[in-house]
Amino acid sequence: MTVMADDGGIAARLSVDLERVEARLRDLAQVDRADLAEAVGFQVGGFRRRLRPQLALLAHYMTTDDDTVPATDRAIDASTAVEMLHVGSLYHDDVIDGAAQRHGRESVNARWGDGMAILSGDYAMIRASGLLAQLGRREALLLTDLGCLMAEGMVAEMLERFDVDRSEEAALAVVTNKTATLMSGSCAVGVLQGCRNDACIDAMLGFGRHFGIGYQLLDDLLDLTATAEQLGKPVGNDIREGIYTLPLLRALQRDPALRPLLRPEITEAEIAQVLGRVRAGEAVEEVLTLVAQHVDQAVTHLRQADCARARPRIAAAIEDFARTILSRQALNRRPRGSSPV
């Protein structure tokens, strides 16, 4: 699941702690009703990168002096909670999108119906809220506020579908609220399990926000440039669903002839035409440059954290992690599900 080189045992430590998160997730997915348990466990226990738990754990490592000890149970619960929130939001997202697949396999809504998917998502998010409440008022309030921003982002994306006049600012606001807020919160709750310093927490919120923006922009690029095998779903799905992301809006600015193609009735042949023209244009490089800028901003925030300055080796590993995840080489990543990375 990890993507970093094993620098002094950090990657090995992360791998062990992620296994503990997996065990906790399986425990929380247990439901008395077998039918609900099957639906909840289908995605909670399915293949995932566990990126948000990795962020939480790495942030927590900056608050510990002994690199040889495993993360505390509180840090494991914090990491589990952010993943449960994320998975719960995906259940709802797939219903809104009418998605038939998630990471290369059948979605919960396609298999059991929208009602079961919504309720399974509710279950996952409520279990996450319970974990956060046990950790403390600060953790619960932080993720509650960020959860509200996630909902705002999802509403904005839904209402802005098929809008060829959508502004880059509107697209970036959705990226920030829908994706970056939870990554930001993951970093913050990880740090909170060993440090209650406001400046440190604010720095990690900033790191996670810019990391999350860069991550989603790269993911938006992948939908336009990758293969169906890499994505685990059809290429150009955002275009089909009328979600005109920042890379597509950049391409539209330079190639206005794309405009009449972008409509609810777009055909598969027209989607292929749009994808070909986006790939041949300058938008891909422009957005890659924007991703790199957000990585640099994330690292700037990271270096401002007192705990990062106190533990430079951990901070360097986190920086390497961020730059690896958000590198241009990520556009050529392995198909989802083919590797533990």
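These are my notebook entries on a predicted model, going from the whole chain to single residues.

**Entry 1: the chain as a whole**

I began with the secondary structure of the chain, which comes to 16 helices and 2 strands. The radius of gyration is 20 Å, close to the 20 Å that the globule rule gives for 341 residues, so I noted the chain as being as compact as a globular protein of that length. Along the principal axes, the C-alpha trace spans about 60 × 45 × 35 Å.

**Entry 2: helix H3**

Next I turned to helix H3, residues 51–61, where 11 of the 11 residues are buried. Among them are Arg52, Gln54 and His60, as well as Leu55, Leu57 and Leu58. I asked myself which helices the buried residues of H3 pack against, and the list I wrote down is helix H1 (10–28), helix H4 (73–97), H8, H9 and H16. Tyr61 is also one of the buried residues of H3, and the charged end of Arg13 sits over the ring of Tyr61, 3.9 Å from the ring centre.

**Entry 3: aromatic pairs**

A search of the whole structure gave me 5 aromatic pairs. One of them joins Phe162 and Tyr244, edge-to-face, with 6.2 Å from centre to centre and 90° between the planes. This pair links distant parts of the chain, 82 residues apart, since Phe162 is in the loop between helix H7 (137–159) and helix H8 (168–192), and Tyr244 is in the loop between helix H11 (237–240) and helix H12 (246–254). I checked the exposure of both partners: Phe162 counts as partly exposed at 29% relative accessibility, whereas Tyr244 is buried, with a relative accessible area of 2%.

I then looked at Phe211 and Phe321, whose ring centres are 6.3 Å apart and whose planes stand at 20°, so the pair is stacked. Here too the pair links distant parts of the chain, with Phe211 in helix H9 and Phe321 in helix H16 (residues 312–325), 110 residues apart. Phe211 counts as buried at 1% relative accessibility, and Phe321 counts as buried at 0%. I also recorded that Phe207, Phe211, Tyr215 and Phe321 form one aromatic cluster.

**Entry 4: Asp223**

Staying with helix H9 (residues 198–225), I looked up Asp223, which has its place in that helix. Leaving aside neighbours within four places in sequence, I found Asp223 in contact with residues including Lys233, Pro234, Asn237, Asp238 and Leu275.

**Entry 5: Gly104**

Last, I looked up Gly104, which lies in the loop between strand S1 (101–102) and strand S2 (105–106). At 43% relative accessibility, Gly104 counts as partly exposed. I also noted the C-alpha to C-alpha distance from Gly104 to Met125, which is 23 Å for residues that are 21 apart in sequence.

How values were computed. Residues numbered from 1 in each chain as written. Predicted model: local features only at pLDDT ≥ 70, side-chain atom pairs only at ≥ 80, totals over all residues. Heavy atoms only, no water. Helix = DSSP H or I, 4+ residues; strand = E, 2+ residues; numbered from the N terminus. Contact = heavy atoms within 4.5 Å. Phe/Tyr/Trp six-rings, centres within 6.5 Å; stacked < 30°, edge-to-face > 60°. Buried < 20%, exposed > 50% of the residue type's maximum accessible area, 1.4 Å probe, protein only. Lys NZ or Arg CZ within 6 Å of the ring centre and 35° of its normal. Rg over C-alpha atoms; globule rule 2.2 N^0.38 Å.
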